[in-house]
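Try each task before reading its solution.

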Amino acid sequence: MDKLDQAHPWLTVVPVFSRDPLAVSEENGDALTVALGHLRSDQEVYVCGPPAMLAGSRLRLLAAAVPAERIHLPGLMSLS
């Protein structure tokens, strides 16, 4: 992941630790909460995981004012 991050200036890789007391606060928590903290208004959002997580993530992204056309889930171009 570090090599991808270094090779592509448009890509930001942020490691997330859900239960690590030594992690810095911006990297500690659930992945979507941390990602929302780094989100820029012009970014596309790609989410993968189990169906229940996908549905919950989509709802949280929409509630955070991410446009539906910028939310991408496996097997779907976008959900509007």
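## Exercise 1: The nonpolar core

The largest nonpolar core of this predicted model is made of 8 residues: Leu32, Val45, Val47, Leu54, Leu61, Val66, Ile71 and Leu73.

**Task.** Find the contacts of Leu61, setting aside its neighbours within four places in sequence, and decide whether Leu73 is buried or exposed.

**Solution.** 
- Step 1. Start from Leu61, one of the residues of the largest nonpolar core. With neighbours within four places in sequence left out, Leu61 is in contact with Leu32, Leu36, Val45, Val47, Val66 and Ile71.
- Step 2. Now move to Leu73, which is found in the segment after strand 2. Its relative accessibility is 10%, and buried means under 20%, so Leu73 counts as buried.
- Step 3. Look across from Leu73 to Gly49: the two are 24 residues apart in sequence, and their C-alpha atoms are 9.0 Å apart in space.

## Exercise 2: The chain as a whole

**Solution.** 

## Exercise 3: The largest pocket

**Task.** Describe the space in the largest pocket, and say which element gives the most to its lining.

**Solution.** 
- Step 1. The space in the largest pocket comes to about 910 Å³. Its lining has 27 residues, and those closest to the pocket centre are Thr12, Ala35, Glu44, Val45 and Tyr46.
- Step 2. Assign the lining to elements. Helix 2 (31-38), strand 1 (45-46) and helix 3 (51-63) each bring at least two residues, and helix 2 gives the most, with 6 residues.
- Step 3. Sort the lining by class: 18 residues are nonpolar, 4 are polar and 5 are charged.
- Step 4. Recall that Val45 is listed among the residues closest to the pocket centre; Val45 also belongs to the largest nonpolar core.

## Exercise 4: Polar contacts

**Task.** Which side chain does the side chain of His72 join in a polar contact, and which backbone nitrogen lies 2.7 Å from a polar atom of the side chain of Gln43?

**Solution.** 
- Step 1. Locate His72 in strand 2 (residues 71-72). Its relative accessible area is 13%, and the cut-off for buried is under 20%, so His72 is buried.
- Step 2. The side chain of His72 makes a polar contact of 2.5 Å with the side chain of Glu44. Glu44 is also one of the residues closest to the centre of the largest pocket.
- Step 3. Locate Gln43 in the loop between helix 2 and strand 1. The backbone nitrogen in question is that of Arg40.
- Step 4. Leave aside neighbours within four places in sequence, and Gln43 is in contact with His38 and Arg70.

## Exercise 5: Loop residues

**Task.** Classify Ala64, Ala65 and Arg19 as buried, partly exposed or exposed.

**Solution.** 
- Step 1. Ala64 sits in the loop between helix 3 and strand 2. Its relative accessible area is 39%, so Ala64 is partly exposed. The C-alpha atoms of Ala64 and Leu36 are 7.9 Å apart, although 28 residues separate the two along the chain.
- Step 2. Ala65 is also in the loop between helix 3 and strand 2. With 63% relative accessible area, and exposed meaning over 50%, Ala65 is exposed. Check its backbone too: phi is near 70 degrees, a positive value in a residue other than glycine.
- Step 3. Arg19 belongs to the loop between helix 1 (2-7) and helix 2. A relative accessible area of 78% makes Arg19 exposed. Its C-alpha atom is 8.9 Å from that of Asp30, 11 residues apart along the chain.

Definitions and conventions. Residues numbered from 1 in each chain as written. Predicted model: local features only at pLDDT ≥ 70, side-chain atom pairs only at ≥ 80, totals over all residues. Heavy atoms only, no water. 1 Å grid on protein atoms, 1.4 Å probe; cavity = no way out; pocket = protein on both sides within 12 Å on 5 of 7 lines; lining within 4 Å. Points joined across faces, edges and corners; volume = space filled by probe spheres on them. Helix = DSSP H or I, 4+ residues; strand = E, 2+ residues; numbered from the N terminus. Nonpolar A, V, L, I, M, F, W, Y, C, P; charged D, E, K, R; others polar. Buried < 20%, exposed > 50% of the residue type's maximum accessible area, 1.4 Å probe, protein only. Polar contact = N/O pair within 3.5 Å; in protein donor to acceptor, adjacent residues only side chain to side chain. Core = buried A, V, L, I, M, F, W, Y, C linked by side-chain atoms within 4.5 Å. Contact = heavy atoms within 4.5 Å.
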